[in-house]
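Biologist: I have not seen this one before. Can you walk me through it, starting wherever you like?

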Amino acid sequence: MIILKKKILHILIIGLLSSHLTGQENGMYHAVNGLVQDAETHSPLQFVTVSFRDIDSGELIGDVTDKTGHFDLMVPEGKYYCIVESLSFQPFVIDVFNIHQDIDMGVIELEQNIEKLEEVELVAQANLMDHNLTKKVYNASKDIANIGGTAITVLENTPSVRVDEQGNISIRGNTAMVLVDGKPYGGQRSNADLLSMIPSSSIAKVEIIAQSAKYDSEGGGGILNIVLKKRSSEGYNGTVEAHFGNPANHGVSTFINYRTDKVNIFSTASFNHQVPIKKTEIEQVFLDQNQDPTGNFEEFRTDYKQRNSFLFNIGSDFFIDDKNTLTTSIMYTTNNKNYDAELILDDYRPVDELLRSSLRDVDENTDETFLEAFVQYSRKFEKEGHQLSMDLKYDNNVGENDTDILNTETFPGNDQTEQKYVKDEGVDNFYVRLDYSLPLGNASKFEAGLKSNFRLYNNDFLSSNLNPSTQQFDINPDFSSEIVYDERINAFYVNFAHEIDQFSFSVGLRAELTQTLIEEQNVQEDFENDYNDLFPSALLTYNMKDQNFFSIGYTRFIDRPTVSQLNPFNSFADERFILLGNPFLQPYYTNYFYLEYYHQFERLSLNTALFYSNSTDRIMNILRNTGLQTPDGFDVYTRQPVNNGTLNYTGLELEATYNPTGKIRLYGIISPYYADLFDTLDGAYDFTNWVFYGNFRFLYQFTNTFRFNIDYTYQSAQKTAITELEDFQYVNLSLSKDFFSGRSTLTFRVNDVFYTKEARFNSLEANTITNRNFIYDTQYLLSFSYRFNKAGRRNAHNRSKDLDKNVFEIDDQIK
């Protein structure tokens, strides 16, 4: 109802303002246009009133922004008082605006007026997703399901994005590259541990950007750019948030931003204590050569994954002048993890006849620190869009891990064995990047840049067993190693974009020169691998009415082997499986094609995508029989990654947002896709599989300050030649209530309401049938956040810094 009233009000305003034009028909008119956005999410704002009042005559002229946030009107020459305003937002004001030529006001950003949040219905009308030609934008700060969470929570709630149990992040079946404010985070492609320390209260939005030559060639599924909150006008604002959970998930975080006309200072601090509880059941059936069962094994495991983390980040934008900006930031994090696991192990031989029973206690302690320093200089030239930027970034990650495993036999005897693992690792990462953008006329743009990235990784792993005679730990040299990994990547790119009427296209090419070196101290052998690659990209778009568009794109990207895959030393999962690295692994390459269509109706938005990817010489783990046997008579196997097989992905993604009333928002995404792996070793790992994924969300606003959100996720079974992940489904819900004129929010969230998010794996390999199920306890979380905000003077000097003052001829002395 309120939305309808707003539309009627704006129609009346347009009519009223337009009626004043008749008195000025004999004057000289000039075109005035611009774009109005939400300062927090940078998404366009519709139904914003833009008005000009003649200072001398009092005549009023105005317009209302369309669904894309644009306005365009004709204004007679003169001196005007200009105001851009909308219910629930603080007005943008220019006290004196001299108009004597056509003017493009550029982007005007409005900040929410938290004093008046109770007067309007905002949440249900805020789009969960915004779409444009080169990226999709998930408005994370508008989704109450993120309150009290972290950056990982936000990514898990981001449509099209998947985060698995190991923290791997992907889009449409391919690995995603994660950036924070446009820069790699933690020196890794997607470091889930570090991302989990960024509080969701500091995140404005997530941009899903199509891969292009401008970005690193890894992460071909797309670029996930997490955009942190910053204030765009003078004054200060911030958020304080505290949350409490069961199982233990307690924390507090603060975000503050202070801006003047010369400097913008921003800072985030957070502390979290978590103890998620994971329960695992494993059942194995052993088969002989005739595939008849010879015995079975059962394991019941409970993991208490205690984690204490602290993050502090402070940075600044120093506006040297209107054209030059210097940005600096420094971040420090510390992370302490104490993982305790309790296992009950029962070994039956023959079937269902107990041979051995034991208890296993695993105590794993990890201390990690991370330090990052970042400097960026950017220069804007006279022509809009003509700019140059240079980034310097250094980060250091240090981790120390101690694991103690105590095995106690409970049947038939009471023997004890103890093992200890110590791992020290460190990563130093440095990069320098230069980006240049040059508009060519009004319809073309040329971009070029270079980047050099240097990474040095060292890992010292020591395995030892307790000697019962001496009560000392004896080092096991077969399962101990010390390696150094040195990686250097130099990249260059060019990109050209052009518009022709309703068509636009861009083509790009990226060259990367890679050098890697592995030094294995135990074997006194070095492994070098140098390779050079070209990565083309292309995008063609047809723009239709009302910002609807159709696009087709192509990119080529690379997946490099990880250090753990390259490390040649031995480790083991259990006595039957020896894990080997492969220093001769090569990267594999993927060609990725996609078609996308977006259509915006009045209350409904639809986005449809068809995608296809082809990867050759993928990295797969291959199982081989060593010819050895365990003391119990089982064959011993090695598991080693090799380049093998071709994988094709073909999929469809349908996404819709529907606002039937001012109180309801419905969102859904479904994505069926087909996977086909072939040409594997002796065809042993070939498979085909259809997978269906769906996520549906319902937001209902009981009152202006009380909201309810529920989301449902379903994924069908995923099968390979030897494993199957059975289908699963789960429901999350959130309740949110605003207090103190919208300054504070109390949120209650439940993850996995019905305790159904259970992963059930089945496999048949090495003459063993394995069924493994695990599930995390349902999480209950109560969160309280308080927002504060104080604006600076609302005049032309501090609200239109980015506008052309020479054209506007702003005079602060005239009121």
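**Salt bridges, core and strands**

Modeller: Aspartate 216 and arginine 510 form a salt bridge, with their closest N and O atoms 3.0 Å apart. The two residues come from distant parts of the chain, 294 residues apart: aspartate 216 is in the loop between strand 15 and strand 16, and arginine 510 is in strand 29. Keep in mind that this is a predicted model.

Biologist: Are aspartate 216 and arginine 510 buried or exposed?

Modeller: Both aspartate 216 and arginine 510 are buried.

Biologist: Changing topic. How many residues are in the largest nonpolar core?

Modeller: It has 31 residues, and Leu195, Ile198, Leu224 and Ile226 have the most contacts inside it. Among the elements that give two or more residues to this core are helix 2 (151–157), helix 3 (192–195), strand 15 (203–209), strand 16 (223–228) and strand 39 (664–678). Helix 2 gives the most, four residues.

Biologist: What is leucine 224 in contact with, leaving aside its neighbours within four places in sequence?

Modeller: Its contacts include Leu155, Val161, Ile169, Ile171, Met177, Val206 and Ile208.

Biologist: What about asparagine 225, buried or exposed?

Modeller: Asparagine 225 is found in strand 16. It counts as buried because its relative accessible area is 7%, and the cut-off for buried is under 20%. A polar atom of the asparagine 225 side chain lies 2.7 Å from the backbone nitrogen of glycine 182. Beyond its neighbours within four places in sequence, asparagine 225 has contacts that include Leu179, Val180, Asp181, Lys205 and Glu207.

Biologist: Asp181 is on that list. Where does aspartate 181 lie?

Modeller: Aspartate 181 is in the loop between strand 13 and strand 14 (183–184). Its phi is positive, about 55°, although it is not a glycine. Most residues other than glycine have a negative phi. Aspartate 181 is partly exposed, at 34% relative accessibility.

Biologist: Which residue takes a positive phi in the hairpin of strand 28 and strand 29?

Modeller: Aspartate 501, with a phi near 55°; that hairpin has two residues between the strands. Strand 28 and strand 29 (residues 503–520) pair in the antiparallel sense over 18 bridges. Asparagine 490 has leucine 513 in strand 29 as its bridge partner. Strand 28 (residues 481–500) also pairs with strand 26 (residues 444–467), again antiparallel and over 18 bridges.

Biologist: And the open sheet, what order do its three strands take?

Modeller: The order is 4-1-7, and the pairing is mixed. Strand 4 (70–76) and strand 7 (103–110) are the edge strands, each with a single partner, so one side of each has no neighbour in the sheet. From one strand to the next the twist averages 25°. Strand 1 (residues 29–38) and strand 4 run antiparallel and are joined by seven bridges. Asparagine 33 is opposite aspartate 72 in strand 4.

Biologist: Last one. Where do proline 247 and proline 412 lie?

Modeller: Proline 247 is in the loop between strand 17 (235–246) and strand 18 (249–259). A cis peptide bond, with omega about -5°, joins asparagine 246 to proline 247. Proline 412 is in the loop between strand 24 (387–411) and strand 25 (416–440). The bond from phenylalanine 411 to proline 412 is cis as well, with omega near 5°.

Key. Residues numbered from 1 in each chain as written. Predicted model: local features only at pLDDT ≥ 70, side-chain atom pairs only at ≥ 80, totals over all residues. Heavy atoms only, no water. Core = buried A, V, L, I, M, F, W, Y, C linked by side-chain atoms within 4.5 Å. Buried < 20%, exposed > 50% of the residue type's maximum accessible area, 1.4 Å probe, protein only. Contact = heavy atoms within 4.5 Å. Polar contact = N/O pair within 3.5 Å; in protein donor to acceptor, adjacent residues only side chain to side chain. Pairing = 2+ DSSP bridges. Axes fitted to C-alpha atoms, helices over the stretch in contact; angles between N-to-C directions. Salt bridge = Lys/Arg side-chain N within 4 Å of Asp/Glu carboxyl O.
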